[in-house]
Amino acid sequence: MGTAERREASEESVAVRSAARQEHEAPDRDIPSRGRAGESTDGQEQEYHPPLWIEEPARRRRMPDPVRTAAVRAVLIIAVTLIQAMVAFLCTLAGSWLAFPMVISSVAGTVVATWAVVDVWVTRQVWNQRNGVVSEPSSTARSLRRERRARRRQERAALREQERIRRRGGSGQLSHS
């Protein structure tokens with residue numbers, strides 16, 4: 001089964017599951033429940049309204065916590081900066097004394113917002129390198145793990161060799177002559 005076929009199958013199963021779930025859910029108190037398709041409980045013919053939305057599985061996995069934290073911080077900083085810029089613009093139109101300080105703070109906010117966006121990008125790159133996208137052959141995380149395992153194997157082999165030498169009397173001879 002290819003990727004496209006698997007995706008189609010999962011979309012069909014989601015639609016079937018959500019339709020089955022709707023049949024079993026309790027209706028809202030203020031909306032009359034419908035019996036069979038097109039029929040109301042009081043016997044009058046009623047037209048069928050499809051559901052407002054159908055739940056679909058997430059297309060991508062959830063972002064890692066550090067990356068999500070940096071992204072939320074960046075969005076908040078950008079929102080505050082946009083509000084500052086709007087207030088600066090309106091104060092300028094009104095000829096208020098507050099216009100100059102707001103323009104200065106908007107410029108500073110723009111610098112901070114740019115820094116926050118770069119922080120999201122850097123945090124994402126660092127997370128990918130440390131905890132890595134192991135499915136890619138060129139993944140940095142995979143090569144680091146491989147090097148760590150090789151180093152541990154060498155250390156264990158050296159310890160075993162030292163133990164073997166110590167058990168033989170500690171003379172340092174590997175063979176009898």
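Me: What elements does the chain contain, helices or strands, and how many?
Reply: The predicted model has 4 helices and 0 strands. Read along the sequence, the pattern is α-α-α-α.

Me: How many residues are in the chain, and what percentage count as buried?
Reply: The chain has 177 residues, of which 12% count as buried.

Me: What share of the contacts comes from residues 24 or more positions apart?
Reply: Among contacts with a separation of 6 or more, such residues account for 45%.

Me: Turning to α2, what should the helix span, and how far apart are its ends?
Reply: Helix α2 covers residues 65-94. Its 30 residues should span 44 Å at 1.5 Å a residue, and the end C-alpha atoms lie 43 Å apart, so the two values agree.

Me: And what follows α2?
Reply: The helix is followed by G95, which has a positive phi, near 70°.

Me: How does α3 come out on the span check?
Reply: Helix α3 takes in residues 99-131, 33 residues in all, and should span 48 Å at 1.5 Å a residue. Its end C-alpha atoms are 47 Å apart, which agrees with that expectation.

Me: Which residues of α2 are buried, and what do they pack against?
Reply: V67, A70, A71, A74, T81, A88 and C91 are buried in α2. These buried residues pack against α3.

Me: Which residues are buried on the α3 side?
Reply: In α3 they are A99, M102, S106, G109, A113, A116, V120 and T123. The cover over these residues includes α2.

Me: Why would residues three or four places apart point the same way in a helix?
Reply: An α-helix has 3.6 residues a turn, so residues at that spacing point the same way.

Me: Which residues make up the largest nonpolar core?
Reply: That core has 5 residues: A70, A71, A74, A116 and V120. The elements giving two or more residues to this core are α2 and α3, and α2 gives the most, with 3 residues.

Me: What is the C-alpha separation of A79 and G109?
Reply: Their C-alpha atoms are separated by 9.9 Å, although the two residues are 30 residues apart along the chain. A79 is found in helix α2 and is partly exposed, with a relative accessible area of 35%. G109, in turn, is one of the buried residues of α3.

Me: Where is F89 placed, and why does F89 count as partly exposed?
Reply: F89 is in helix α2. F89 counts as partly exposed because its relative accessibility is 48%, which lies between the cut-offs of 20% for buried and 50% for exposed.

Methods:
Residues are numbered from 1 along each chain as its sequence is written. This is a predicted model: local features need pLDDT of at least 70, side-chain atom pairs count only at pLDDT 80 or more; totals for chains, interfaces and linings use all residues. Side-chain values use heavy atoms; hydrogens and water are left out. Buried means under 20% relative accessible area, exposed over 50%, partly exposed in between (1.4 Å probe, protein chains only). The expected span of a helix is 1.5 Å times one less than its number of residues. Contact means heavy atoms within 4.5 Å. A nonpolar core is a set of buried Ala, Val, Leu, Ile, Met, Phe, Trp, Tyr and Cys residues joined through side-chain atoms within 4.5 Å.
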